Amino acid sequence: MSRLKESDSLLSLIRSWMVRPVYDICLTPKQALELAQKQLDEHYEQPESSWLKEHIPSMGNLFAKLDLVSALDIVDRQTGMCRRKHVPPTHAELRRVINVAQVHAAAPSLKLVTFDADDTLFPAATNLHKDDWIVEAILKLIKAGVCVSVVTAAGYPGREGVAKYTERLQGLLEMAEEELSDEEQLRLYVMGGECNYLLQLVQGRLTPLDPNIWMTPEMLLWSPDMIKELLDTAQTSLEESAKALNIRVKILRKERAVGAVPLDPVEVIGYELWEDLALEVQERVKDCAVPCCAFNGNIDVFVDVGNKKYGVEALQRTLGVSGSETVHFGDRFTTTGNDVAVRSVAQCLWVANPWETCKLLQRILKRKGIPIEAVPPKVPAGQPSSSTLMTAWGRADDPPETPQRRRKSSFG
């Protein structure tokens, strides 16, 4: 995964304390995580005036205090990140530390779990199968009284939506019909188009719900004219930007979304070009009356009415669940990702692939005292790219931001 795709201000800040000297010292991983925990505790108590809010303006509210030091001990046993002499912790390892701390904080009071679909619940362009480990884990959560929803960018209204979502989730739906009671099945949902279509499992079948029942008052104010203005503006931006970047795309206009996809399905368009397209459309639609999600999906860019924040918030309102009782799994928490907006309404777990999702789900079930077989071993991937390991301890071009001007003896 490139640095662009995994970039995150908090992770970069924590890592900077380890890789850039301040007055001739760099913090150890443990010292850096202790400092981060201190700052996160302050932000939890005073989210609008904390040191983190000052230095990371996009920093949202926290829904629980995080024990990063204990989480670091767990991740270090797997990675040796505290014992390495020449290679500092990576963004991915720091992300794992925060994920473990978030799981430990959230599990005891968990009432709602939401999942992104592609590359979170299952590999992109694949479907769930009955014997997938994650299917059993989801059923165990539901049996324990936890509501579960897939929250996906894929948006299909009416009967088309029922068919499409049933195909992707076939294995889960079949096992739910076999193993769950009618009452338990009602705890399984699908939110499509980020926040535009809600379906519930009713007696073995996904059933679309009336938007007037589940949409928030704010969402119900989005009139057809307002939605048309948003999609027209987005479409114009996509067309003009694609022409300026000299990339060949076709425009797909849907009921509540518009997107650009390759004109030639086999043509590979670089991630950075899609990123530029997404950032430009974000800028162009910012004054529209309807909020939206302009999302770089690696192989396309789509603009949806609303975003996953509204989808998860609508589920919480419908189910009577708070942000501290909700966990969202996603793989795209960057500026042009479609999971990042959920951070304002729920606790979030940033995963890189479905295997990481399974490992964190296993930890949640263990913390809740729900037995399950261990996640099968991950299929070994290729060797890390040179960019992952290059300039191991970084450069000291600019001193990193720190909560105070530290002396050499600050951490002993």
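Glutamate 93 counts as buried, because its relative accessibility is 12%, where buried means under 20% relative accessible area, exposed means over 50% and partly exposed lies in between, for a 1.4 Å probe and protein chains only. This is a predicted model, in which local features need pLDDT of at least 70 and side-chain atom pairs count only at pLDDT 80 or more, while totals for chains, interfaces and linings use all residues. Residues are numbered from 1 along each chain as its sequence is written, and side-chain values use heavy atoms, with hydrogens and water left out.

Glutamate 93 belongs to helix H6; helices (H or I, at least four residues) and strands (E, at least two) are DSSP runs, numbered from the N terminus. The side chain of glutamate 93 reaches the backbone nitrogen of threonine 90 at 3.0 Å. If neighbours within four places in sequence are left aside, glutamate 93 is in contact (heavy atoms within 4.5 Å) with Val75, Thr79, Met81, Arg84 and Pro88.

Helix H6, which spans residues 91–106, also holds arginine 95. The side chains of arginine 95 and glutamate 356 meet in a salt bridge, with 2.8 Å from N to O, the term standing for a side-chain nitrogen of Lys or Arg within 4 Å of a carboxyl oxygen of Asp or Glu. Because glutamate 356 lies in helix H16 (residues 354–367) and arginine 95 in helix H6, this pair ties together parts that are 261 residues apart in sequence. Glutamate 356 and arginine 95 are both buried.

Across the whole structure, a search finds 17 salt bridges. In one of these, the side chains of arginine 343 and aspartate 8 meet at 3.3 Å, N to O. This pair links distant parts of the chain, 335 residues apart, with arginine 343 in the loop between strand S10 (326–330) and strand S11 (347–350), and aspartate 8 in the loop between helix H1 (3–6) and H2. Arginine 343 has 32% relative accessibility and therefore counts as partly exposed, whereas aspartate 8, at 12%, counts as buried.

Another salt bridge joins lysine 228 and aspartate 232, whose closest N and O atoms are 2.7 Å apart. Because lysine 228 and aspartate 232 are four residues apart in helix H13, about one helical turn separates them. Lysine 228 counts as partly exposed at 47% relative accessibility, and aspartate 232 counts as partly exposed at 28%. Elsewhere, Asp116, Lys308 and Asp339 are linked in a network of salt bridges.

Turning to the rings, the structure holds five aromatic pairs; rings of Phe, Tyr and Trp (its six-membered ring) pair if their centres lie within 6.5 Å, and planes under 30 degrees apart count as stacked, over 60 as edge-to-face and the rest as tilted. The rings of tryptophan 17 and tryptophan 51 have centres 6.4 Å apart and planes at 45°, so this pair is tilted. Tryptophan 17 lies in helix H2 (residues 9–19) and tryptophan 51 in helix H4 (residues 51–55), so the pair links distant parts of the chain, 34 residues apart. Tryptophan 17 and tryptophan 51 are buried.

Tryptophan 222 and tyrosine 310 form an edge-to-face pair, with 5.2 Å from centre to centre and 80° between the planes. Because tryptophan 222 lies in the loop between helix H12 (217–220) and helix H13 (224–245), and tyrosine 310 in helix H15 (residues 308–319), the pair ties together parts that are 88 residues apart in sequence. Both tryptophan 222 and tyrosine 310 are buried.

Conventions: A polar contact is a pair of N or O atoms within 3.5 Å; within protein, one must be able to donate a hydrogen and the other to accept it, and residues adjacent in sequence count only if both atoms are side-chain atoms.
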